[in-house]
Amino acid sequence: MAAAAWERFVGHRWLPKAAVVVLAAVLVAAFLLVRSERRDAHNAGVLETACGGVLPRETVRGLLPGDETWELRSDLDLTGPSGRGPRTLVRCSLDWGEYGGLELAAVPVLDVPLRGVRPGDILSAGTAKEPDRATAYRTATTQVTVGCPAGLLGYPRPVTRFRVHASLNHDDGSEVAGAAKELATVVTAVADHVRDRGGCGGPAVKPSDVRPGPGRVTEDSEDSDGVPRACRWFRPGMLDGRAWGRDDQEPRGVTGDDADVCSLRVPRAKPASRLDHFAGVSSVSWRGPLLPEARTAYGAELAALSPAPEPKSGEKSYVLAVWAESSCSGARTLSRVRVETAVSALAADRADRVLDAYLASSDCRAVKVLGKVWK
């Protein structure tokens, strides 16, 4: 009976072929299932160990392609007491395909030593070349700077801040759009891990603290007009000037965590005399650890502040400095604007408006003008 059934099956016009197709499909499905299970187990193991095992696994799993095998590269966790202070605290990269990957790092903020807190000193330090590991946050998808009041151990100078940044790219190397919110959770987890292991103290990091990377900068980031970010608040019309030409001296600026500086010279549209071809403006704001140093460096000038009556005529140029205290982006700030003109009346008339424009551009509140002084 069985033999007869087999003969009928073999002699059927299409049934044997269909059976072969079904069997092949079952084998392929079983192979794919086994491969998928192995891939999932491998990926789960990667998430357990990456970045010291502190990554929020469900969040990261939702960010990465589930049909790819993730490879852990550059995994490093040097948080906590470890002798000499490391240049990188945490670093890990989860890669797939040719260019796809999640890259994350935490690095101490090792400020370039300042020779002073005056604008020229800060501008000079701002042009110093920093290593790539210190500037990678600028082009990251998300980043946060975290305070460490107790200080990170092992460094020759106090290190009271560190940065965590993360980027997520497709297999073609392009950035994954819309991933910033989920990446903020990842960055927050790593930041708190560094805080706890480093004994930093201070408040915990929240996802709302995480921001996009500020963009690629050299001395300071520039628009197509060549104006540094720290100088974009100024308009030539504030001092009856004209737009900068090709042969005019370009503005210089630095935007930092503890200070912002701008120095520029604007050509006058209608000179009032043969000496009145340019007007100069410099602006500087100090925050955090630089506040007491700024007050010391400018102690004599601060002590001389007054309503500043207009000086006598006859000088080749007049310099008027205006000082103010305020709260800018939530930080206590001391600001100074310096206006230099060939006509004293112009400096006297416009200095307050220049200061107002400068502080308004930085979202400064609770402004208290301390006074003026002619130099």
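Which residue forms a disulfide with Cys328, and how far apart are their sulfur atoms? The legends below, drawn from a predicted model, begin with this pair.

**Figure 1. The disulfide of Cys328 and Cys364.** Cys328 forms a disulfide with Cys364, and their sulfur atoms are 1.9 Å apart. The torsion about the S-S bond is about 105°, so this disulfide is right-handed. Cys328 belongs to strand 9 and Cys364 to strand 11, so that distant parts of the chain, 36 residues apart, are linked. Both Cys328 and Cys364 are buried.

**Figure 2. The disulfide of Cys148 and Cys200.** The structure holds 4 disulfides, and in this one the sulfur atoms of Cys148 and Cys200 are 2.1 Å apart. The link is left-handed, with -90° about the S-S bond. Because Cys148 lies in the loop between strand 4 and strand 5 and Cys200 in the loop between helix 6 and strand 6, the pair ties together parts that are 52 residues apart in sequence. Cys148 and Cys200 are buried.

**Figure 3. The disulfide of Cys231 and Cys262.** The sulfur atoms of Cys231 and Cys262 are 2.1 Å apart, and the link is right-handed, with 115° about the S-S bond. Cys231 is found in the loop between helix 6 and strand 6, whereas Cys262 is in strand 7. Both residues, Cys231 and Cys262, are buried.

Figure 4. Strand 8 and strand 10 are joined by 8 bridges, and Gly280 stands opposite Glu340 in strand 10.

**Figure 5. The largest nonpolar core, with 39 residues.** In soluble globular proteins, nonpolar side chains tend to be buried together. Among the residues with the most contacts inside this core are Leu55, Leu104 and Phe162. Elements giving two or more residues to the core include helix 2, strand 3 and strand 5; the largest share, 7 residues, comes from helix 6.

Conventions
Residues numbered from 1 in each chain as written. Predicted model: local features only at pLDDT ≥ 70, side-chain atom pairs only at ≥ 80, totals over all residues. Heavy atoms only, no water. Pairing = 2+ DSSP bridges. Helix = DSSP H or I, 4+ residues; strand = E, 2+ residues; numbered from the N terminus. Core = buried A, V, L, I, M, F, W, Y, C linked by side-chain atoms within 4.5 Å. Buried < 20%, exposed > 50% of the residue type's maximum accessible area, 1.4 Å probe, protein only. Disulfide = S-S within 2.5 Å.
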